[in-house]
Amino acid sequence: MRVVLLGKPGSGKGTQARRISESQKIAAVSTGDLIRHAIATGAPLGKEFKSYVDRGLLVPDSLVLALFAERLADPDCAQGFLLDGFPRTIAQAEALEEMLKKRGQPLTCALNIEVPDSVLVERAMGRRYCPTEGMSYHVKFAPPKREGVCDACGTALKQRFDDKEDVVTARVAEYRDKTEPLLAYYKSRQQLQQVEGLGTPAAVGGRIDAALAAAGV
Ligand code: AMP
């Protein structure tokens, strides 16, 4: 399967991407993770990436496309992949379409996780992740068994540096301006699946699995 996961910041894309990647045994590619990794490791473009991420702005298309194309060429993406946070602009979607055409691998579908704006700030601000395992938690909606530490490995949980109220608000505005038009883009190609994103991760996961089954996965 080759699936694009769409949704506002805080809609649960990352949590669902990890779950589907494990259950379907396919690569989950998160451009946000690739960008954060470049920042954390001091890669040549790390500083430039950080200047955008810190303000809640999208990194320019040319930079993201180079990063994404390199990751898509990895062997684990050969048979299928799930894209979390890419594409985020029409130009990125067109570039993806071109890349997949060259590979002779059409997209299975684009799946949008729909949540109302009113829940986004609370969802993002309460989000925590394990820097070792990558597992994600939420202080209110999906708390770890012991406060502040990962269930799997006991590592202290962290908060993303862009999960602050003003940055989340800017990310939502960027979504509205540049990413939301992708819904019409994929709808016009009869590739869009819509899923209601409110409820527990398990409940949303059940709806996503049903939508993927409807798309032939
Ligand atoms: P995410 O982890 O997907 O929420 O992404 C975190 C941040 O990384 C975003 O707010 C953007 O600054 C940047 N980013 C991630 N993916 C993209 C993309 N496809 N295009 C542009 N910027 C991106």
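Which residues touch the most other members of the largest nonpolar core? They are V4, L6, I35, F49, L83, L96 and Y186, out of 32 residues in that core. By nonpolar core I mean a set of buried Ala, Val, Leu, Ile, Met, Phe, Trp, Tyr and Cys residues joined through side-chain atoms within 4.5 Å. Buried is under 20% relative accessible area, exposed is over 50%, and partly exposed is in between, with a 1.4 Å probe and protein chains only.

Before going on, this is a predicted model: local features need pLDDT of at least 70, side-chain atom pairs count only at pLDDT 80 or more, and totals for chains, interfaces and linings use all residues. Residues are numbered from 1 along each chain as its sequence is written, and side-chain values use heavy atoms, with hydrogens and water left out.

The elements giving it two or more residues are β1 (2-7), β2 (27-30), α2 (31-40), α3 (46-53), α4 (61-72), β3 (81-84), α5 (90-103) and α8 (181-188). Helices (H or I, at least four residues) and strands (E, at least two) are DSSP runs, numbered from the N terminus. The most comes from α4, with six residues.

Take L83 as an example. Leaving aside residues up to four places away in sequence, L83 touches V3, V4, L5, V29, F68 and L96; contact means heavy atoms within 4.5 Å.

Now α4. Its buried residues are L63, V64, L65, L67, F68, R71 and L72, and they pack against β2, α2, α3, β3 and α5. The end C-alpha atoms of α4 are 16 Å apart, which agrees with the 16 Å that its twelve residues should span at 1.5 Å a residue. The expected span is 1.5 Å times one less than the number of residues.

Next, the sheet. Five strands form an open sheet in the order β2-β3-β1-β4-β7, with parallel pairing. Two strands pair if DSSP finds at least two bridges between them. On average, neighbouring strands are turned by 20 degrees against each other, direction ignored. Four bridges join β2 to β3, and A28 stands opposite L82 in β3.

α4 lies across β2 and β3, and runs at about 170 degrees to β2. For these angles, axes are lines fitted to C-alpha atoms, for helices over the stretch in contact, and values run from 0 to 180 degrees between N-to-C directions.

Last, charges. How many salt bridges does the structure hold? There are 16, each being a side-chain nitrogen of Lys or Arg within 4 Å of a carboxyl oxygen of Asp or Glu.

In one of them R189 pairs with E97, the closest N and O atoms being 2.8 Å apart. R189 is in the loop between α8 and β7 and E97 is in helix α5, 92 residues apart. R189 is partly exposed at 33% relative accessibility, and E97 is partly exposed with a relative accessible area of 33%.

Another joins R176 and E180, with closest N and O atoms 2.8 Å apart. Through shared partners, salt bridges join K8, E114, D117, R176 and E180 into one network.
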